[in-house]
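The sequence and structure come first, followed by the description.

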2 protein chains.
Amino acid sequence: MTVETIGALGLGDMGGAVATALKKSGFNVITTLAGRSAATVDSASDRGIKDVGGIADLVRESDLIISVLVPANAPEVAASIAAAAGASDTPITFADCNAIAPASAIAMGKVVTDSGTHFVDGGVIGGPPRDDYAPRFYVSGPDLDAMMELDGRGIQVVPVGPEIGRASAVKMVYASQTKGIAALQAAMLVSARRLGVYDELISELESSQAANLERASSAVTRLPSVAGRWIGEMEEIASTFESVGISGGFHQGAAEIFRLVDASDTESAKSLDDLVKAFAAAAT
Amino acid sequence: MTVETIGALGLGDMGGAVATALKKSGFNVITTLAGRSAATVDSASDRGIKDVGGIADLVRESDLIISVLVPANAPEVAASIAAAAGASDTPITFADCNAIAPASAIAMGKVVTDSGTHFVDGGVIGGPPRDDYAPRFYVSGPDLDAMMELDGRGIQVVPVGPEIGRASAVKMVYASQTKGIAALQAAMLVSARRLGVYDELISELESSQAANLERASSAVTRLPSVAGRWIGEMEEIASTFESVGISGGFHQGAAEIFRLVDASDTESAKSLDDLVKAFAAAAT
């Protein structure tokens, strides 16, 4: 097959930049904006991504649909794709590229393939594509041909086997470290503040763990802008760990601290100290 | 008061080196070996630390007793000190320098002070003392005079206020990061192995997280020799976080992974890959 038209679902920071990169690489990129926020409609319009109407229209016109969303919305989208299947004459491919547990990908894959649509399990590692940078889309499943056509055209595509769930597994274990450490460092700083030993901790870290303190400071400073959409991903990682007999506690804890960050008023915070004060003052 | 004789409880890697450093600094350092393992008896003898008999003898002969043990043994030792109090004519000082939650230190302090003994809450940050290096003993409580006499004599002593619990709080939040990150990285590697995507993870980390991979490798390689005695400390950290409304999940997870490491057969492991294989094969 040859992919000409790509349906893009999810036009946030990552999904929007991916849609733009694929368009620049010569694909016809379309989307559906039915029921979407004004911000999403503006983003699509800014990027020149055509709105084709409803999900049935998207399924009919696309050769390949890629979904880059927050995990909580992923199953609903997959179900709507499955419900609209048959709108296209030949089977299209649906690639779920969200940060979900392997078991979630397997369940989603069943719904999608039962409707006669090819399913690709995907997981994105790296930041949004730029002119000089392409994130890696790990993909697994029995039908990878359509996704492989995107490799080197705005994104990198890395196949990791024919079983649904393997690409999600790579994404889950990878994200467990980067985002988990940021959460742990935020938890440490908020606990220190609430225990009344924040200044003593910072001064000890400055003298014996300067590099870790610097990493903590940069990770924690970034949290207010990302914590909200990382909550669901932490829950998926916890469930992934538990599926192989490892404690989900780390990432249940991470989800909880991201909820706290998301609920805190950091508007006027100008330093790490201000941010930690704001987190510590938020209700849990 | 002037401290001449120090009773040292706990002659492991840290406690033993502290006893030696204090002895070299001119203090008379004694211990009790009643009921101790052959290894502890040998360690005391190698270090020239005099065994005075039972705990009552130790209390009678010491001006100051310092306890550096694994957290699980700390309350029992404090109770035995309290029971032996009165064996000395003037009140002595007992410094608990174990890694325990502030609430545990407060409970222990009550038992000890009720018996007429001064209580110091302590927490050690850093490695065992050497000729050119002195770890920091954070201390808090109303009676710090005896401990302050040790500052600069093999160890550093850092006072952080008159309330029992503050020194333990500093130790807990500090250790939450260093040991928590090591546990998280081990959990990531074991999960990847059990999910069958270990090679994919390592190759992704090599290309995009080389520094984190190196830190993970060095932290995880060290775990088999320390995991067993870090389990209790992780549980104390979990309870410390929970006491201020932060999830204990991170460190309950860390305790669980240290239990797995401690139960694994790493005898013939020669590389990070071998170690992770051994951890992943252990029963949870």
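## The sheet of chain A

Strand β2 (residues 28-31) of chain A and β3(A) pair in the parallel sense over 2 bridges; two strands count as paired if DSSP finds at least two bridges between them. Within this pair, I30(A) has K50(A) in β3(A) as its bridge partner. This is a predicted model, in which local features need pLDDT of at least 70 and side-chain atom pairs count only at pLDDT 80 or more, while totals for chains, interfaces and linings use all residues. Residues are numbered from 1 along each chain as its sequence is written, and chains are lettered from A and ligands numbered from 1 in the order in which they are written. Strands (E, at least two residues) and helices (H or I, at least four) are DSSP runs, numbered from the N terminus.

In chain A, 8 strands form an open sheet with mixed pairing, in the order β3-β2-β1-β4-β5-β6-β7-β8. At its edges stand β3 (50-51) and β8 (156-159) of chain A, each with a single partner strand, so one side of each has no neighbour in the sheet.

## The two domains of chain A

The domain assignment of chain A gives domain 1 (5-163) and domain 2 (169-281); such bounds come from an automatic or database domain assignment. The centres of domain 1 and domain 2 of chain A, taken over C-alpha atoms, are separated by 30 Å.

Where the domains meet, 13 residues of domain 1 of chain A are in contact with 13 residues of domain 2 of chain A. Two residues are in contact if their C-beta atoms, placed from the backbone, lie within 7 Å. On the side of domain 1 of chain A that touches domain 2 of chain A, the elements giving two or more residues are α5 (102-114) and β6 (118-125) of chain A. The largest share of that side, 3 residues, comes from α5(A). By class, that side has 11 nonpolar, 2 polar and no charged residues. Here Ala, Val, Leu, Ile, Met, Phe, Trp, Tyr, Cys and Pro count as nonpolar, Asp, Glu, Lys and Arg as charged, and the others, Gly among them, as polar.

Helix α7(A) lies across β6 and β7 (136-140) of chain A and runs at about 20° to β6(A). Two packed helices are described by the angle between their axes and the distance between the axes. The axes are lines fitted to C-alpha atoms, for helices over the stretch in contact, and angles run from 0 to 180 degrees between N-to-C directions. The table lists three helix pairs.

| Helix pair | Axis distance | Angle |
|---|---|---|
| α7(A) and α9(A) | within 8 Å | roughly 130° |
| α7(A) and α10(A) | within 9 Å | roughly 60° |
| α4(B) and α5(B) | 8 Å | about 15° |

The angle makes α7(A) oblique to α9(A). Angles under 35 degrees count as roughly parallel, over 145 as roughly antiparallel, 65 to 115 as roughly perpendicular and the rest as oblique. α7(A) passes α9(A) in a left-handed crossing; a crossing is left-handed if the near helix is turned anticlockwise from the far one by less than a right angle, and right-handed if clockwise. Residues that make the contact include M172(A) and L189(A) of α7(A) and W230(A) and I237(A) of α9(A). By class, this contact of α7(A) with α9(A) has 14 nonpolar, 3 polar and 3 charged residues.

α7(A) and α10(A) are oblique to each other as well, and α7(A) passes α10(A) in a left-handed crossing. Among the residues that meet are G180(A) and A183(A) in α7(A), and F250(A) and F258(A) in α10(A). The contact of α7(A) with α10(A) divides into 8 nonpolar, 4 polar and 1 charged residues.

Chain B has 8 strands in an open sheet of mixed pairing, ordered β3-β2-β1-β4-β5-β6-β7-β8. Strands β1 (residues 5-9) and β2 (residues 28-31) of chain B run parallel and are joined by 3 bridges. T5(B) stands opposite N28(B) in β2(B).

The contact between the chains takes 41 residues from chain A and 41 residues from chain B. The largest share of the side of chain A that touches chain B, 18 residues, comes from α7(A). That side of chain A has 21 nonpolar, 15 polar and 5 charged residues.
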